[in-house]
Amino acid sequence: MNWPERGLDTPLNTVPRWHIAWGTGHRIVEQTIARLQAHPHRSRLEILFDCEVAELDVAGGRVSGVRGRSLVDVSIFAARAGARTIAGG
């Protein structure tokens with residue numbers, strides 16, 4: 001496979017991904033923010049930007065959290081939750 005934005009075809013970096021939003025990126029962001037703001041559990045949501053995940057915590061064969069550092073002030077963070085979304089690029 002030679003998918004756009006596949007990245008280097010090396011161990012641990014072989015997941016095909018598609019990031020091209022050609023002129024629709026602004027609307028995608030608007031819709032995502034609107035849905036997050038309207039979610040009934042919004043007060044329990046934390047979004048971390050400019051961070052680097054260094055390690056996935058695994059419990060019982062499932063990812064239970066992440067650990068990493070802020071790229072802004074190099075502070076260390078850990079995040080655990082019943083549900084997680086990890087978006088990287």
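I began with R69, which at 30% relative accessibility counts as partly exposed, since the class runs between the 20% limit for buried and the 50% limit for exposed. The model I am reading is a predicted one, and I keep that in mind for every value below.

Next I looked up what the side chain of R69 meets, and found a salt bridge with E52, at 2.9 Å from N to O. E52 lies in strand β1 and R69 in strand β2, so this pair ties together parts that are 17 residues apart in sequence. I also checked E52 itself, which at 34% relative accessibility is partly exposed.

Three strands make up an open sheet, which I read in the order β1-β2-β3, with antiparallel pairing. The edges are held by β1 (51-59) and β3 (76-80), and because each has a single partner strand, one side of each is left without a neighbour in the sheet. From one strand to the next I noted an average twist of 25°.

For the pairing of β1 with β2 (residues 62-70), I found eight bridges in the antiparallel sense.

I went back to the charged pairs, for which the count comes to five salt bridges. One of them joins E55 and R67, whose closest N and O atoms are 3.3 Å apart; this pair links E55 in strand β1 to R67 in strand β2, 12 residues apart. Both ends are partly exposed, E55 at 41% relative accessibility and R67 with a relative accessible area of 35%.

Another salt bridge that I looked up is between the side chains of D57 and R80, at 2.9 Å from N to O. Here D57 lies in strand β1 and R80 in strand β3, so the pair ties together parts 23 residues apart in sequence. Is each end buried or exposed? D57 counts as buried, at 6% relative accessibility, whereas R80, at 57%, counts as exposed.

As a last entry I recorded that E55, D57, R67 and R80 are linked in a network of salt bridges.

Note on methods. Residues numbered from 1 in each chain as written. Predicted model: local features only at pLDDT ≥ 70, side-chain atom pairs only at ≥ 80, totals over all residues. Heavy atoms only, no water. Pairing = 2+ DSSP bridges. Helix = DSSP H or I, 4+ residues; strand = E, 2+ residues; numbered from the N terminus. Axes fitted to C-alpha atoms, helices over the stretch in contact; angles between N-to-C directions. Salt bridge = Lys/Arg side-chain N within 4 Å of Asp/Glu carboxyl O. Buried < 20%, exposed > 50% of the residue type's maximum accessible area, 1.4 Å probe, protein only.
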